[in-house]
Amino acid sequence: MLWEEEIPGGAHWSGVLRRGVVLRLTAGGNDANVAALFFSREQPLERYNMADTLKAQHIAHLTAGAVCYSDMGRILCSITADSCGWHDPLCGLTDAAMIAARYGATRFQEQRNRRYVSGRDAMLVELGKYGLNERDLVANINLFSKVVVDEAGALQLVTGHAKAGHYVDLRFEMDTIVALHAGPHPLATTTAYAPPAIRLQARRGSPPAADDPCRIRCPENARGYLNTERMYSS
Amino acid sequence: MKGLDEVVAAGEPWMGVVHRGQSLRIVDLEGNQAVDTLFYNATDTAEHYSAQNTIQAQGRIYLTTGAALLSNRGNAMLRIEEDTCGRHDTLGGACSAESNTVRYALDKRSMHSCRDSFLLALANHPQTKEGELTKRDLPSNINFFMNVPVTPAGELRFADGISAAGRHVQLRALIDTLVLISNCPQLNNPCNAYNPTPIRVMTWDNA
């Protein structure tokens with residue numbers, strides 16, 4: 001174990017995860033949700049790309065075996081373990097108006113650190129710490145949330161999907177700026193604001209072997225690892 | 001304000017402004033042509049079309065008549081007022097040289113792609129060539145006329161097109177909007193029926 005930290009429910013976090021480190025996120029309660037974004041530490045203009053991630057792997061959800069692609073054909077991180085089974089890459093963030101309408105308006109002056117922060121504001125704050133702004137706020141992932149799409153294209157958030165103790169492991173394949181917000185999913189219909197806390201645990205991982213499940217999941221991923229390894233070759 | 005009426009050849013970018021209250025029509029002249037499109041607030045280009053804001057607000061992933069295209073700030077930028085195709089894609093994004101190496105083969109890097117068209121258009125356009133808009137400002141785009149179904153099991157498919165020669169989509173601008181189009185040059189999948197073809201782009205005032 002390299003380090004361990006808890007993100008309180010509703011709070012946001014960012015940090016740099018080095019190539020080779022595995023970050024485990026564990027849900028502190030039922031119906032947890034974590035908005036997540038990834039940027040190359042070396043050149044943040046290279047960043048997680050929703051469309052490239054979905055179409056390279058022919059998926060509209062994320063689970064073990066899937067990888068998160070940058071817009072440059074490289075892999076920022078791989079999902080090496082997942083006890084939850086489905087993470088939503090489609091639905092985006094809450095904003096301040098949505099949070100106020102759904103849960104009530106709050107301010108620091110009255111609620112102190114129990115105030116309700118929106119996903120968009122949380123991400124803008126964390127991105128700002130690296131010189132990034134709304135131009136860099138691309139489509140995000142909602143870890144621990146399951147959203148299914150029916151034949152007509154309608155989105156439905158599955159309640160009761162994430163349980164306390166569910167975890168997902170992200171193995172970083174590039175030095176990556178990670179921004180997280182442990183806030184409610186934008187399609188959540190609960191009227192009480194009670195997003196669960198998220199436990200972060202970082203440990204050293206092994207480099208992806210020739211038969212790594214993420215690498216052999218599809219020929220596209222094999223090429224994604226080659227592109228990534230080529231950048232780190234020296 | 002003068003309207004526009006231009007034919008955009010396969011593989012070419014197009015940029016132009018559609019003013020508040022004007023209509024923008026894109027015609028799939030020969031059928032099954034993907035039209036990768038982004039929209040920016042013409043007076044504050046940090047505000048742009050957002051796929052996630054749009055699908056979250058309408059609760060569905062496909063676009064057709066009535067759909068409001070929302071910005072990254074949650075504002076409606078345009079509304080689809082006519083659609084003779086029936087379904088447009090919000091998830092497939094643009095092809096790029098780099099994603100082509102992943103999707104098809106490492107030696108496909110040199111093939112023409114939508115992102116290369118986007119970048120060249122931004123580099124040359126009078127409003128953006130000072131660097132106001134760069135790769136940083138390329139979020140996930142709309143693919144007009146493209147059919148990318150998602151299954152209830154969470155799979156993404158690139159299916160044969162449902163468009164045909166002469167079908168069109170028409171949008172009403174709710175704000176002054178800068179439009180960035182790549183008439184997709186992709187030859188490796190069925191999004192253009194393996195044969196990229198021209199489109200027609202028209203704008204006009206409404207009474």
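This is a predicted model: local features need pLDDT of at least 70, side-chain atom pairs count only at pLDDT 80 or more; totals for chains, interfaces and linings use all residues.

Colleague: What makes the radius of gyration of chain A agree with a compact globule?

Modeller: For 234 residues, a compact globule would have a radius of gyration near 17 Å. Chain A has 17 Å, so the value agrees with the rule. Along the principal axes, the C-alpha atoms of chain A fill a box of roughly 55 × 40 × 35 Å.

Colleague: How many helices and strands are there in chain A?

Modeller: Chain A has five helices and twelve strands.

Colleague: And how much of chain A is called buried?

Modeller: A residue is buried when 20 or more other C-beta atoms lie within 10 Å of its own. In chain A, 51% of the 234 residues count as buried.

Colleague: Why are β2 and β7 of chain A said to stand at the edges of their sheet?

Modeller: The sheet has four strands in the order β2-β11-β4-β7, it is open, and its pairing is antiparallel. β2 (12-17) and β7 (141-143) of chain A each have a single partner strand, so one side of each is left without a neighbour in the sheet. From one strand to the next, the twist averages 30 degrees.

Colleague: What makes β4 and β7 of chain A a pair?

Modeller: Two strands pair if there are at least two bridges between them. β4 (residues 34-40) and β7 of chain A have three bridges, in the antiparallel sense, and A:A35 stands opposite A:N142. Helix α4 (residues 119-128) of chain A packs on the sheet, where it touches β2, β4 and β11 (176-181). The direction of α4(A) makes about 150 degrees with that of β11(A).

Colleague: Which residues have the most contacts inside the largest nonpolar core?

Modeller: They are A:V34, A:A36 and A:F38, in a core of 113 residues. Strand β4(A) gives the most to this core, with six residues. Leaving out residues up to four places away in sequence, A:A36 touches A:N140, A:I141, A:L143, A:V178 and A:L180.

Colleague: Now for the other chain. What is the pattern of chain B along the sequence?

Modeller: Chain B has three helices and ten strands, and the order is β-β-β-β-α-β-β-α-α-β-β-β-β.

Colleague: What makes the radius of gyration of chain B agree with the globule rule?

Modeller: With 207 residues, a compact globule would have a value near 17 Å; chain B has 16 Å, which agrees. The C-alpha trace of chain B spans about 45 × 40 × 30 Å along its principal axes, and 47% of the 207 residues count as buried.

Colleague: Why is helix α1 of chain B called mostly covered?

Modeller: Six of the eight residues of α1(B), residues 51-58, are buried. These are B:A51, B:Q52, B:N53, B:T54, B:I55 and B:Q56. What covers them includes β9 (155-157) of chain A together with β5 (68-70) of chain B. Just after the helix, B:G59 takes a positive phi of about 70 degrees.

Colleague: Which residues of β10 in chain B are on its covered face, and which are on the uncovered one?

Modeller: B:I199, B:V201 and B:T203 are on the covered face, while B:R200, B:M202 and B:W204 are on the uncovered one. In a regular strand the side chains alternate between the two faces of the sheet.

Colleague: How do you know that β10(B) pairs with β1(B) and β3(B)?

Modeller: The cut-off is at least two bridges. β1 (residues 4-8) and β10(B) have five, in the antiparallel sense, and B:V7 stands opposite B:R200. β3 (residues 23-28) and β10(B) run antiparallel and are joined by six bridges, with B:S23 opposite B:W204.

Colleague: And how many residues does each chain bring to the contact between them?

Modeller: Chain A brings 41 residues and chain B brings 33 residues. On the side of chain A, the largest share, six residues, comes from α1(A).

Methods: Residues are numbered from 1 along each chain as its sequence is written. Chains are lettered from A and ligands numbered from 1 in the order in which they are written. Helices (H or I, at least four residues) and strands (E, at least two) are DSSP runs, numbered from the N terminus. The radius of gyration is taken over C-alpha atoms; the globule rule is 2.2 Å times the number of residues to the power 0.38. A residue is buried if 20 or more other C-beta atoms lie within 10 Å of its own, exposed if 12 or fewer, and partly exposed in between; C-beta atoms are placed from the backbone. Two residues are in contact if their C-beta atoms, placed from the backbone, lie within 7 Å. Axes are lines fitted to C-alpha atoms, for helices over the stretch in contact, and angles run from 0 to 180 degrees between N-to-C directions. A nonpolar core is a set of buried Ala, Val, Leu, Ile, Met, Phe, Trp, Tyr and Cys residues joined through C-beta atoms within 7 Å.
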